[in-house]
Amino acid sequence: MSHELPHVIPSLQPVVEETFSAYQTTHEFYYEVQQRLEFQRYCEWYYTTAEHHRQELKKMRGELNIFKWFRRC
């Protein structure tokens, strides 16, 4: 009886390979989209932080530096 089963049940190997291939492609696509969005968010954060630091530096350069008085010994 077991030797008759391969004739009754069709081979599912091609269907499984196609399904897995579609799943793998979809997974890779969404992974790539996620990576690009994370990189874009990082770049936005970096540029915002850099601009904030530039503004702080400009403000600090305009302030009076009291440490110069102490170093004049």
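Guide: This is a predicted model, and in it Arg36 is exposed, because its relative accessible area of 57% lies over the 50% cut-off.

Visitor: Which residue does Arg36 form a salt bridge with?

Guide: Arg36 forms a salt bridge with Glu32, and the closest N and O atoms of the two are 2.8 Å apart. Both residues lie in helix 2, where they are 4 residues apart, about one turn of the helix.

Visitor: And Glu32, how does its relative accessible area class it?

Guide: Glu32 is partly exposed, with a relative accessible area of 38%, a value that falls between the 20% and 50% limits.

Visitor: How many salt bridges does the count come to?

Guide: The count comes to 2 salt bridges, and among them is the one in which the side chains of Glu51 and Arg54 meet, at 2.8 Å from N to O. Glu51 and Arg54 are 3 residues apart in helix 2, so about one helical turn separates them, and Glu51 counts as partly exposed at 36% relative accessibility.

Visitor: Switching topic to the rings: how many aromatic pairs are there?

Guide: There are 4 aromatic pairs by the rule used here. In one of them, Tyr42 and Trp45, the ring centres are 5.8 Å apart and the planes stand at 35 degrees, so the pair is tilted. Tyr42 and Tyr46 form an aromatic pair that is tilted as well, with 6.2 Å centre to centre and 35 degrees between the planes.

Visitor: Which residues do the ring pairs link into a cluster?

Guide: The ring pairs link Tyr42, Trp45, Tyr46 and Tyr47 into a cluster. Tyr42 is partly exposed at a relative accessible area of 44%, and Tyr46 is partly exposed at 45%.

Visitor: What kind of surface patch do they belong to?

Guide: Together with Phe39, they form a nonpolar patch on the surface, and the accessible area of these residues together is about 660 Å².

Visitor: Zooming out, what are the elements and how much of the chain is buried?

Guide: The protein chain has 3 helices and 0 strands, with helix 2 running over residues 13–62. Buried residues make up 1% of the 73 residues, and the accessible surface comes to about 7800 Å², of which 61% belongs to carbon and sulfur atoms.

Technical notes:
Residues are numbered from 1 along each chain as its sequence is written. This is a predicted model: local features need pLDDT of at least 70, side-chain atom pairs count only at pLDDT 80 or more; totals for chains, interfaces and linings use all residues. Side-chain values use heavy atoms; hydrogens and water are left out. Patches are made of residues with over 30% relative accessible area and no salt bridge: like charges are joined within 9 Å, nonpolar side chains (Val, Leu, Ile, Met, Phe, Trp, Tyr) within 5 Å. Accessible areas come from the Shrake-Rupley method with a 1.4 Å probe; for residues, only the protein chains shown count as cover. A salt bridge is a side-chain nitrogen of Lys or Arg within 4 Å of a carboxyl oxygen of Asp or Glu. Helices (H or I, at least four residues) and strands (E, at least two) are DSSP runs, numbered from the N terminus. Rings of Phe, Tyr and Trp (its six-membered ring) pair if their centres lie within 6.5 Å; planes under 30 degrees apart count as stacked, over 60 as edge-to-face and the rest as tilted. Buried means under 20% relative accessible area, exposed over 50%, partly exposed in between (1.4 Å probe, protein chains only).
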